[in-house]
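Here's a quick tour of a protein fold, meant to be read with the structure open beside you.

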Amino acid sequence: MSYADLHTHTIASDGTGTPSHNVQLAAAAGLAAVAVTDHDTVGGLEEALAAAQTYGITVVPGIEISTIHEGIDIHVLGYWIDWRNSVFLERLEQLRGVRDRRNEMIIERLCGLGLDITMDDVLASVSSLKREGDSIGRPHIADALVRKGYVGSMEEAFERYLGRGGAAYANPPRITPAEAIRWIREAGGAPVLAHPGLYGCDELIPKLAARGLAGLEAYHSDHTPEQEGVYAAIAREHGLLITAGSDYHGERGGVVFHAPIGARRIEASVIDQLYKRKGEQL
């Protein structure tokens with residue numbers, strides 16, 4: 001039986017590895033397929049798709065779109081998108097503008113707390129690797145906080161400052177999950193709700209299912225086994241595909257964030273099911 005990991009990040013957003021390295025790791029893990037799903041950017045897809053030929057596995061072109069629902073960050077994954085679609089690219093550029101503003105707000109709040117940190121500090125270790133269309137996220141800010149000695153780890157940075165409830169948390173207005181679903185559909189893709197166990201708003205799932213959601217990421221590195229069972233059952237109840245992803249972001253300080261590629265996997269046949277449901281309209 002062949003398997004796929006449908007949630008990984010690269011240097012194009014807040015991962016630490018190149019797209020080709022992610023594909024190499026997926027092949028080494030014995031996977032038949034891997035999705036590259038960077039935050040609000042498709043900047044890593046061309047390299048990843050080229051690497052698929054080298055390593056002999058399938059790369060699913062993907063995206064992870066940041067949205068907001070009643071003040072809560074909600075992430076929507078998109079698979080088999082037309083990643084060269086001009087309208088979609090313009091929309092992603094708008095989202096990266098919001099992300100940039102959020103980063104500025106976080107830096108302002110950190111400085112207000114007495115921490116000496118600038119965007120130059122954040123960019124210091126990644127600017128040479130970033131290309132046009134790539135994004136900067138909270139893990140890069142966390143990296144800078146670790147390097148400057150304000151926290152001892154990425155986890156501490158998010159707990160104390162950057163995560164929801166943290167002292168420097170910021171969440172400017174964004175599009176809604178339903179809008180992200182529509183954008184993904186209009187770009188020819190299949191939308192899937194990422195890591196639902198992190199939100200605490202399961203009542204949203206049937207509403208999004210009615211708006212065109214194709215699947216639910218039941219198996220995720222930050223879900224407990226109990227949660228995985230619950231979300232698999234919810235997916236079946238609402239006619240949603242069940243997906244799995246490690247949410248691999250690479251290594252920082254020798255620690256893998258969130259989990260190694262392949263740590264969460266699903267039968268590779270689901271990628272064909274996602275392909276069949278891509279772009280479908282209600």
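Where does Thr 243 lie? You'll find Thr 243 in strand 7, and we'll come back to this residue once the sheet around it has been laid out. One thing to keep in mind from the start: this is a predicted model.

- If you're wondering what holds strands together, the strands of a sheet pair through backbone hydrogen bonds, and they can do so either parallel or antiparallel.

- Strand 1 and strand 2 run parallel and are joined by two bridges.
- Ala 4 has Ala 33 in strand 2 as its bridge partner.
- To get from strand 1 to strand 2, the chain goes through helix 1 (residues 19–28), and this β-α-β crossover is right-handed.
- Strand 2 (residues 33–36) also pairs with strand 3 (residues 58–69), in the parallel sense and over four bridges.
- Along that pairing, Ala 33 sits opposite Thr 58 in strand 3, while Ala 35 sits opposite Val 60 in strand 3.
- Which way do the residues of strand 2 point? Ala 33 and Ala 35 point one way, Val 34 and Val 36 point the other way, and all are buried.

- Strand 4 and strand 5 pair in the antiparallel sense, over four bridges.
- Val 76 has Leu 193 in strand 5 as its bridge partner.
- Leu 193 also stands opposite Leu 216 in strand 6.
- Strand 5 and strand 6 (residues 215–220) are a parallel pair with two bridges.
- The chain gets from strand 5 to strand 6 by way of helix 8 (residues 204–209), in a β-α-β crossover that is right-handed.
- Strand 5 is covered on both faces: Ala 190 and Val 192 are buried on one side, and Pro 191 and Leu 193 are buried on the other.

**Helices lying across the sheet**

- Is Thr 243 buried or exposed? Thr 243 is buried, with a relative accessible area of 0%.
- Leaving out residues up to four places away in sequence, Thr 243 touches Leu 6, Val 192, Leu 216, Glu 217, Ala 218, Tyr 219, Val 270 and Leu 274.

**Helix 1 meets helix 2**

- The axes of helix 1 and helix 2 come within 8 Å and cross at roughly 35°.
- On the helix 1 side, the contact is made by Pro 19, Ser 20, Val 23, Gln 24 and Ala 27.
- On the helix 2 side, it is made by Glu 47, Ala 48, Ala 51, Ala 52 and Tyr 55.
- Helix 1 passes helix 2 in a right-handed crossing.
- A handy rule when you look at lists like these: an α-helix has 3.6 residues a turn, so residues three or four places apart point the same way.

**Helix 3 meets helix 7**

- Helix 3 (residues 86–112) and helix 7 (residues 177–186) pack at an angle of about 150°, and their axes are 10 Å apart.
- That angle makes helix 3 roughly antiparallel to helix 7, and the crossing between helix 3 and helix 7 is left-handed.
- Phe 88, Arg 91, Gln 94 and Leu 95 in helix 3 meet Arg 182, Trp 183 and Glu 186 in helix 7.
- Arg 91 is buried, with a relative accessible area of 16%.
- Apart from neighbours within four places in sequence, Arg 91 is in contact with Arg 182, Trp 183 and Glu 186.

- How many of the ten residues of helix 7 are buried? Seven of them are, so this helix is mostly covered.
- The buried residues of helix 7 are Pro 177, Ala 178, Ala 180, Ile 181, Trp 183, Ile 184 and Arg 185.
- These buried residues pack against strand 3, strand 4, helix 3, strand 5, helix 8 and helix 10.
- Just after helix 7, Gly 188 takes a positive phi of about 80°.

Conventions
Residues numbered from 1 in each chain as written. Predicted model: local features only at pLDDT ≥ 70, side-chain atom pairs only at ≥ 80, totals over all residues. Heavy atoms only, no water. Pairing = 2+ DSSP bridges. Buried < 20%, exposed > 50% of the residue type's maximum accessible area, 1.4 Å probe, protein only. Right-handed = clockwise from strand over helix to strand, strands pointing away. Axes fitted to C-alpha atoms, helices over the stretch in contact; angles between N-to-C directions. Parallel < 35°, antiparallel > 145°, perpendicular 65-115°, else oblique. Left-handed = near helix turned anticlockwise from the far one by under 90°. Contact = heavy atoms within 4.5 Å.
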